[in-house]
Amino acid sequence: NVLVISAEADDENSGMEWCFSQVKGAIDDEVAEADIISTVEFNSTGDLLATGDKGGRIVIFQQEPESKNQPQCRGEYNVYSTFQSHEPEFDYLKSLEIEEKINKIRWLPQKNAAHYLLSTNDKTIKLWKISERDKRPEGYNLKEEDGRYKDFTTIASLQVPVFKPMDLMVEASPRRVFANAHTYHINSISVNSDNETYLSADDLRINLWHQEITDQSFNIVDIKPANMEDLTEVITAAEFHPNQCQTLLYSSSKGIIRLCDLRAAALCDQHVKLFEEPEDPNSRSFFSEIISSIADVKFSHSGRYMMTRDYLSVKIWDVNMETRPIETYQVNEYLRSKLCSLYENDCIFDKFECCWSGDDSVVMTGSYNNFFRMFDRGCRHDVTLEASREHCKPQSVLKPRRVTTGGKRKKDEISVDSLDFNRKILHTAWHPLDNIIAVATTNNLFIFQDKLNQQLTN
Amino acid sequence: MECAFDAQNLISISLRKIQSSRTQRGGIKLHKNLLVTYVLRNARQFYMNKNLSHIQRTQQYEDVAAVRERQEYLEITGSFKELTDDFYCNFTGVESDSWHCGAHQPNDQPAEVAHQDASACAMVSPVSDSDLMVPEACWSCVEKSAWELPVPNTTNQKTVLDLDTHVVTTVTNGYFHSDCCAQPKQPQGAHYYTKKRKMDTNYYIIDPEFYLPDFGPVPFKRMRADEDSNGDSDQLDSSNISNLISVLGSGGLSEFMSWQHTDLEQIFATQTICLKQTLLTGSGWTRAIEAF
């Protein structure tokens with residue numbers, strides 16, 4: 001698979017140009033809480049795109065096959081399956097409700113015609129099988145077509161039922177439920193490259209599961225202190241290495257990434273590597289701990305690098321160098337002077353995800369005002385784009401946006417004070433093999449694609 | 001001073017956040033509350049430094065009472081006072097070396113002021129003080145001996161039984177990469193695990209995981225069903241099991257600070273006491289999960 005990335009520099013903006021492709025979701029201004037998108041994930045081939053929401057639902061979109069008649073070479077994403085993954089539950093002892101919100105979806109590598117994914121809320125992980133049915137048996141001897149049993153006395157002959165084509169039906173069925181293994185809120189699941197196991201991580205522990213076995217789990221990381229008042233750090237994200245089945249990493253609220261090797265010990269509390277950048281004492285503030293907390297961590301597809309997202313920046317780390325990141329990109333440094341307000345309105349606790357392009361050359365993350373940012377690691381170019389229904393003409397090129405902190409505001413610039421902090425992009429995903437991105441605003445899913453690719457094929 | 005006001009404002013906001021987190025849907029978010037405590041600590045530290053340096057500059061000699069009076073003036077009023085009591089008496093946190101809110105501040109060591117009441121508690125370093133312990137009606141250290149959990153020698157597992165769905169899940173501490181289904185051995189993590197199970201009853205940390213002691217060595221086997229596990233167990237009185245106490249609840253701040261002043265705490269403590277009696281008498285279980 002070849003990714004075409006532009007090497008030509010435009011006058012206005014070097015790098016890729018992004019075009020609007022589709023938007024999914026309600027148009028209403030009033031957002032129902034259940035419809036708030038909480039996770040977005042492409043499968044390994046990119047032809048399926050899954051979203052989870054706060055209401056516990058999963059919607060899967062499938063890319064239509066490429067049509068040679070259409071100007072755009074890529075197919076559209078249309079709804080493939082919708083199902084209720086998790087329901088609210090109740091913890092009787094604490095009189096607390098367990099939210100049905102889908103925290104993460106992870107696809108399993110495809111082994112047969114059916115598709116499998118893992119979905120998790122705060123407490124329970126489920127393995128779902130999504131399969132197609134396009135035939136049904138007809139001509140039963142004992143039953144009518146509607147299912148009622150025939151009067152046996154009327155049966156005079158014997159026939160063999162046959163499969164006849166029917167309208168395509170996509171069924172989602174829960175195949176496994178992995179429950180009761182997490183005391184704290186699950187924040188991550190990650191499928192191992194061994195195609196047999198996966199991990200689930202909560203605030204203080206990481207468990208290892210076999211995909212087939214639901215009644216047993218192995219705790220491999222436990223950072224819970226003997227006395228809870230000694231708690232200084234929680235796990236914020238965890239992930240398996242993309243091709244080393246014994247390697248995993250997890251990030252913490254202290255801005256530290258730990259790499260663990262399952263072969264080293266039964267309990268991986270002792271890390272193999274620890275990645276931490278020393279704090280700049282000059283930038284210390286009331287909120288230093290909050291903004292250094294890592295919201296998301298992702299291995300690159302190659303496994304050579306890791307990316308972390310904290311509140312103001314994205315950092316790229318080399319797995320072989322623990323002392324500092326090799327690249328740091330400021331996402332929204334203009335917020336540093338607004339931290340007090342952002343603390344008051346809880347925005348400072350927002351967890352922004354980040355993602356790699358298929359060839360690891362570009363990284364992307366979301367921000368406020370429905371802005372999202374892309375950083376081209378090769379040409380060191382970054383761009384701010386907006387996901388908005390106002391700019392959703394098909395194939396329209398997205399115009400770069402700029403945020404200004406100064407008094408003078410140019411045209412097409414927006415001042416920091418005008419940013420809408422209720423409109424935020426927390427979840428983004430990049431097609432593993434193509435320049436197609438899925439960007440989730442509060443309750444809408446935007447799909448954008450790289451324009452240049454189209455021009456070359458035309 | 002603007003910064004001092006901001007610090008006090010931050011303390012109020014932070015305590016309000018902790019308060020509201022108790023009632024939010026989905027349970028307390030441990031991560032968020034940990035971050036809030038860092039802000040609290042930073043603001044408190046700044047405020048104390050500011051206050052002490054101000055006092056030292058203006059008056060060379062000062063009664064301890066006068067100092068306290070000034071500090072009490074700055075105390076958080078209203079319902080936050082309770083939260084302060086809850087919070088600071090149990091939070092140790094990590095002291096930072098230096099910080100600033102726009103300008104560099106000297107790093108004065110906060111003076112240790114003995115506190116006799118909760119109001120001053122907000123302004124001093126948290127000290128484990130038995131005078132501030134929760135009354136015995138709650139999580140009692142009187143019955144500490146009853147809570148010396150029999151620490152298992154060979155087991156490093158926790159088995160959870162859900163009576164609703166009859167699902168049994170076993171969480172094993174540690175994972176042997178090569179022979180996960182081998183005979184039980186003493187893994188490296190076992191001692192660490194054992195050490196963690198000792199409960200420190202000086203602080204009212206309610207750990208939802210350790211309501212029930214382990215009933216001795218557990219064979220390394222899978223539990224298939226409620227009926228099977230009951231048949232295997234001699235420790236559990238199956239006839240008295242109407243429901244079991246959940247030990248896998250969201251930990252959150254209930255593990256993080258004592259809840260001495262809330263209704264939830266009352267319910268919690270009552271249930272805990274019932275549980276203790278249950279363990280001793282083997283009867284009257286509520287909806288529990290952890291079996292053995």
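Is A:Phe90 buried, partly exposed or exposed? A:Phe90 is partly exposed, with a relative accessible area of 44%. The model is predicted, and chain A has a mean pLDDT of 91, with 94% of its residues at 70 or more.

**Confidence**

- In chain A, residues 1-13 have pLDDT below 50, and this stretch makes 20 contacts in the model beyond near neighbours in sequence.
- Residues 454-458 of chain A also stay under 50 in pLDDT, and the model gives them seven contacts beyond four places in sequence.
- Where pLDDT is low, the predicted coordinates should not be read in detail.

**Open sheet S2 to S5 of chain A**

- Four strands of chain A make up an open sheet with antiparallel pairing, ordered S2-S3-S4-S5.
- Strand S2 (37-42) and strand S5 (77-84) of chain A are the edge strands, and each of them pairs on one side only.
- From one strand to the next, the twist averages 20 degrees.
- Within chain A, strand S3 (residues 48-53) and strand S4 (residues 57-63) run antiparallel and are joined by five bridges.
- A:Thr51 has A:Val59 in S4(A) as its bridge partner.

**Open sheet S16 to S19 of chain A**

- Another open sheet of four strands has antiparallel pairing and the order S16-S17-S18-S19 in chain A.
- Strand S16 (235-240) and strand S19 (273-275) of chain A each have a single partner strand, so one side of each lacks a neighbour in the sheet.
- The twist in this sheet averages 20 degrees from one strand to the next.
- S16(A) runs antiparallel to strand S17 (residues 247-252) of chain A, and five bridges join the two.
- The bridge partner of A:Ala238 in S17(A) is A:Tyr250.

- Strand S32 (residues 445-450) of chain A is mostly covered, with six of its six residues buried.
- In a regular strand the side chains alternate between the two faces of the sheet.
- On S32(A), A:Leu445, A:Ile447 and A:Gln449 point one way, while A:Phe446, A:Phe448 and A:Asp450 point the other way, and all are buried.
- Strand S1 (residues 18-24) of chain A runs antiparallel to S32(A) and is joined to it by six bridges.
- Strand S31 (residues 436-440) of chain A is likewise antiparallel to S32(A), with five bridges between them.
- S31(A) and S32(A) form a hairpin, with four residues between the two strands.
- A:Gln449 in S32(A) stands opposite A:Cys19, and A:Ile436 also stands opposite A:Gln449.

**Aromatic pairs and charges over rings**

- Over all chains, a search of the whole structure finds 21 aromatic pairs.
- One of them is the edge-to-face pair of A:Phe90 and A:Tyr92, with 5.8 Å centre to centre and 70 degrees between the planes.
- A:Tyr92 counts as partly exposed because its relative accessibility is 47%, and A:Phe90 is partly exposed at 44%.
- A cluster linked by ring pairs contains A:Phe286, A:Phe287, A:Tyr343, A:Phe349 and B:Phe46.
- B:Lys17 lies over the face of A:Tyr343, at 5.1 Å from the ring centre.
- In chain A, the charged end of A:Lys143 sits over the ring of A:Tyr140, 5.1 Å from its centre.

Terms used. Residues are numbered from 1 along each chain as its sequence is written. Chains are lettered from A and ligands numbered from 1 in the order in which they are written. This is a predicted model: local features need pLDDT of at least 70, side-chain atom pairs count only at pLDDT 80 or more; totals for chains, interfaces and linings use all residues. Side-chain values use heavy atoms; hydrogens and water are left out. Two strands pair if DSSP finds at least two bridges between them. Axes are lines fitted to C-alpha atoms, for helices over the stretch in contact, and angles run from 0 to 180 degrees between N-to-C directions. Rings of Phe, Tyr and Trp (its six-membered ring) pair if their centres lie within 6.5 Å; planes under 30 degrees apart count as stacked, over 60 as edge-to-face and the rest as tilted. Buried means under 20% relative accessible area, exposed over 50%, partly exposed in between (1.4 Å probe, protein chains only). A charge sits over a ring if NZ of Lys or CZ of Arg is within 6 Å of the ring centre and within 35 degrees of the ring normal. pLDDT is the predictor's confidence in each residue, from 0 to 100. Contact means heavy atoms within 4.5 Å.
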